[in-house]
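The sequence and the structure come first.

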Amino acid sequence: MRGQRYGGPRLGGRGALALFGLLGVLVTVGIMAFLAVQVLDGVGGSDDADVGASLGDPAGGPASTVALDPTAPSDGAAAAACATTKDTLETAAEAYRSVNGSYPPDLAALVSSGMVDTDGRIDFELRVEGDTLVVTGTGSCAGS
């Protein structure tokens, strides 16, 4: 026996420095766990109280008097679809102008050039007034 040891174990021969390393790891793990809980709490789906509150039920419970048809588009969804289609047509017309030097004379020219892919009817008209392209909604997108 070379010498007697006094006190506790030396934690890998580094003494108090090893204790600070261990505390650092524990604090880091604790912070990561806290952040994970916060993120997962924000990602969770809505419950009945959230749905009731968003539908105007002041008690926050499920709204039993409101009947929603999930297959029917709402006015807001239809308006957003029309706005997106209009933006797409304007962007495609600008691309057509960049390639051909002028705006397309009508929607059919834009579709035949391959700038727009359609699987049905497009409720918009294109016309050129001077050097300006005008995209006007028709049918279900009238007023867009």
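Helices (H or I, at least four residues) and strands (E, at least two) are taken as DSSP runs and numbered from the N terminus. The model is a predicted one: local features need pLDDT of at least 70, side-chain atom pairs count only at pLDDT 80 or more, and totals for chains, interfaces and linings use all residues. Residues are numbered from 1 along each chain as its sequence is written, and side-chain values use heavy atoms, with hydrogens and water left out.

**Overall fold**

The protein contains four helices and two strands. Their order along the sequence is α-α-α-α-β-β. Of the 144 residues, 17% are buried, where buried means under 20% relative accessible area, exposed over 50%, and partly exposed in between (1.4 Å probe, protein chains only).

Strand β1 covers residues 124-129 and strand β2 residues 132-137; the two run antiparallel and are joined by six bridges. Strands count as paired if DSSP finds at least two bridges between them.

**Salt bridges**

Side chains of opposite charge can pair when their charged atoms come close. A salt bridge is defined here as a side-chain nitrogen of Lys or Arg within 4 Å of a carboxyl oxygen of Asp or Glu.

| Residue | Partner | Closest N and O atoms |
|---|---|---|
| D131 | R97 | 3.5 Å |
| R121 | D123 | 2.6 Å |
| R127 | E129 | 2.9 Å |

D131 and R97 form a salt bridge. D131 sits in the loop between β1 and β2 while R97 belongs to helix α3, so the pair ties together parts that are 34 residues apart in sequence. D131 is exposed, at a relative accessible area of 57%, whereas R97 is partly exposed at 29%.

D123 is found in the loop between α4 (107-112) and β1. With a relative accessible area of 14%, D123 is buried, whereas its salt-bridge partner R121 is exposed at 68% relative accessibility. The side chains of D123 and R121 are also joined by a polar contact of 2.6 Å. A polar contact is a pair of N or O atoms within 3.5 Å; within protein, one must be able to donate a hydrogen and the other to accept it, and residues adjacent in sequence count only if both atoms are side-chain atoms.

For the pair R127 and E129, both residues fall in the middle class of accessibility: R127 is partly exposed at 36%, and E129 is partly exposed at 44%.

**The disulfide**

Which cysteines form a disulfide? With a disulfide taken as a pair of cysteine sulfur atoms within 2.5 Å, the count is one. The pair is C82 and C141, with sulfur atoms 2.0 Å apart. The torsion about their S-S bond is about -80°, so the disulfide is left-handed. The bond links distant parts of the chain: C82 lies in helix α3 (residues 75-100) and C141 in the segment after β2, 59 residues apart. Both C82 and C141 are buried.

A79 and A142 are 63 residues apart in sequence, and their C-alpha atoms are 9.9 Å apart. A79 is part of helix α3 and is partly exposed, with a relative accessible area of 45%.

**A nonpolar surface patch**

F20, L22, L23 and L26 form a nonpolar patch on the surface, and together they have about 440 Å² of accessible area. Patches are made of residues with over 30% relative accessible area and no salt bridge; like charges are joined within 9 Å, and nonpolar side chains (Val, Leu, Ile, Met, Phe, Trp, Tyr) within 5 Å. Accessible areas come from the Shrake-Rupley method with a 1.4 Å probe, and for residues only the protein chains shown count as cover. Within the patch, F20 lies in helix α1 (residues 16-43). F20 is exposed, with a relative accessible area of 59%.
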